[in-house]
Amino acid sequence: MRSIWNGAISFGLVSIPIKLVNATENHAIHFRQIHLADGGRIRYRKVCELDEKEVSGGEIGKAYEDADGTMIPITDEDLAQLPLPTAKTIEIVAFVPADQIDPLQMDAAYYLSANGVPAAKPYTLLREALKRSNKVAVAKYALRGRERLGMLRVVDDVIAMHGLLWPDEIRAPEGVAPEGDVTVRDAELDLADALMDTLGEVDMDSLHDDYREAVEELIAAKASGEEVRPAESGEGGGGKVIDLIAALESSVRAAKKSRGEQDAAADGEGDGGADEGDMAEVHPIRKTSSGASGKSSAKTSGSAAKTAKKTTRRTPTGKTVTRSGGSAAKKSAPKSTGTKKSTSTAKKSSGSGGSGGSGASGGRSAAKKTTAKKSASSGGTAKKTASSRKRASA
């Protein structure tokens, strides 16, 4: 990697020659401005306001604009004469715990590389001292014509330096917090904690810029002459007043589903099985008040339920739906049909059981008549047998 600054780390009386290397890089896609009429490139040219002529870089200097618009020229020689001890030195001023550095102060990041073989020993000494102390070094350095604040810490086996903003460059968050008293209930905090636990941790190396990838695909499609289809945009929830509890519960269920976990509460509501109304069940027919018709109806419905076959299929949404099929199931569904058939059968078996009686009473009266007839016929047979014996004896 190419160094952007050469100097030394001042560690008390120890001086460590180092090179400054950018630790980050920008992967954003940059666009050029063009003339829409003919696609020509739009360029910015440096033109003097007085003579309206374009000037080269060698003819351009620095100046400070005063409040009244007056330009005060400042040359590089003027700046070089200023007492700036950190012009070529990263001067460590203190060692503090890392949590004392406000992340709002974080700026650009750099790697510090040992410059030459003699710098290896003091470089390693500072690195190991930072590791053992669990502290970071606060330093001052100069870069690009101004003095800056920095923080030195260890990353793997390298000393890294983060540029820091000066404390007076951090704005106070006045008027940013929500106005008025807002009360958060314990139930909402519990759900928020559950959502945080469900989302868990993430491998930072797995995160990537989806928008940049989409822009690259768009550019590739346009370059090859392919038709670009608009992407489906999700529904935005910004600015809407929502039920916070419901939103948190839905978020927890969605997070568990995306991670392949099963939520017991969600299973009962249809995530783990079929929804209400998607399952067709065979229910036995209730018994009626009449004895014979109730028994016949129950037998009919029971046999129909046993012979009914269940078929299982999957819907396009992935749910499993079980439906009962077969002619027997259809026959067992109407309650009135089974009752009428059993009642008519009971009437036929009983003969004429009277218009006012029920099927059961008609059956009982028919049984009594049959018993009486059998008794009468057996009595007649006994009399005939007795008269025959008397004649034989005479």
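**Notes on charges, loops and packing**

1. D156 sits in the loop between β8 and β9, and its phi is positive, about 60°, although the residue is not a glycine. Most residues other than glycine have a negative phi.

2. A word on the source, friend to friend. You are looking at a predicted model, where local features need pLDDT of at least 70 and side-chain atom pairs count only at pLDDT 80 or more, while totals for chains, interfaces and linings use all residues. Residues are numbered from 1 along each chain as its sequence is written, and side-chain values use heavy atoms, with hydrogens and water left out.

3. Now the overall picture. The chain has 10 helices and 11 strands; these are DSSP runs numbered from the N terminus, helices being H or I of at least four residues and strands E of at least two. Of the 394 residues in the chain, 19% are buried. The accessible surface comes to about 30400 Å², and carbon and sulfur atoms hold 53% of that; areas come from the Shrake-Rupley method with a 1.4 Å probe, and for residues only the protein chains shown count as cover. Among contacts (heavy atoms within 4.5 Å) between residues at least 6 apart in sequence, 57% join residues at least 24 apart.

4. N134 also deserves a look for its backbone. Phi of N134 is near 55°, a positive value in a residue other than glycine. N134 is placed in the loop between α2 and β7 (135-143), and with 65% relative accessibility it is exposed.

5. How many salt bridges does the structure hold? There are seven, each being a side-chain nitrogen of Lys or Arg within 4 Å of a carboxyl oxygen of Asp or Glu. One of them pairs the side chains of K131 and D157, at 3.4 Å from N to O. K131 belongs to helix α2 (residues 120-133) and D157 to the loop between β8 (146-155) and β9 (158-164), so this pair ties together parts that are 26 residues apart in sequence. K131 itself is partly exposed, its relative accessible area being 33%.

6. The closest N and O atoms of R212 and E216 are 3.2 Å apart, and both residues lie in helix α4 (residues 210-223), separated by four residues, or about one turn of the helix. R212 is partly exposed at 21% relative accessible area, and E216 is partly exposed at 37%. Elsewhere, salt bridges with shared partners link R127, E128, K131 and D157 into one network.

7. Setting aside neighbours within four places in sequence, E188 is in contact with T183, L244, I245 and L248.

8. D186, D190, D193 and D197 form a negative one, while R32, R41, R43 and R45 gather in a positive one. The patch criteria are over 30% relative accessible area, no salt bridge, and like charges joined within 9 Å; nonpolar side chains (Val, Leu, Ile, Met, Phe, Trp, Tyr) would be joined within 5 Å. Lys and Arg count as positive and Asp and Glu as negative, with His and the chain ends not counted; the charge is placed at NZ of Lys, CZ of Arg, CG of Asp or CD of Glu.

9. D197 is placed in helix α3 (residues 186-199) and is exposed at 65% relative accessibility. R43 is found in the loop between β2 (14-22) and β3 (62-65) and is exposed, with a relative accessible area of 56%.

10. Finally, a glycine in a strand. G7 lies in strand β1 (residues 3-11) and is buried, at 17% relative accessible area. Which residues does G7 touch, not counting those up to four places away in sequence? They are I16, P17, I18 and K88. G7 and K88 are 81 residues apart along the chain, yet their C-alpha atoms are separated by 4.7 Å.

Key
Buried means under 20% relative accessible area, exposed over 50%, partly exposed in between (1.4 Å probe, protein chains only).
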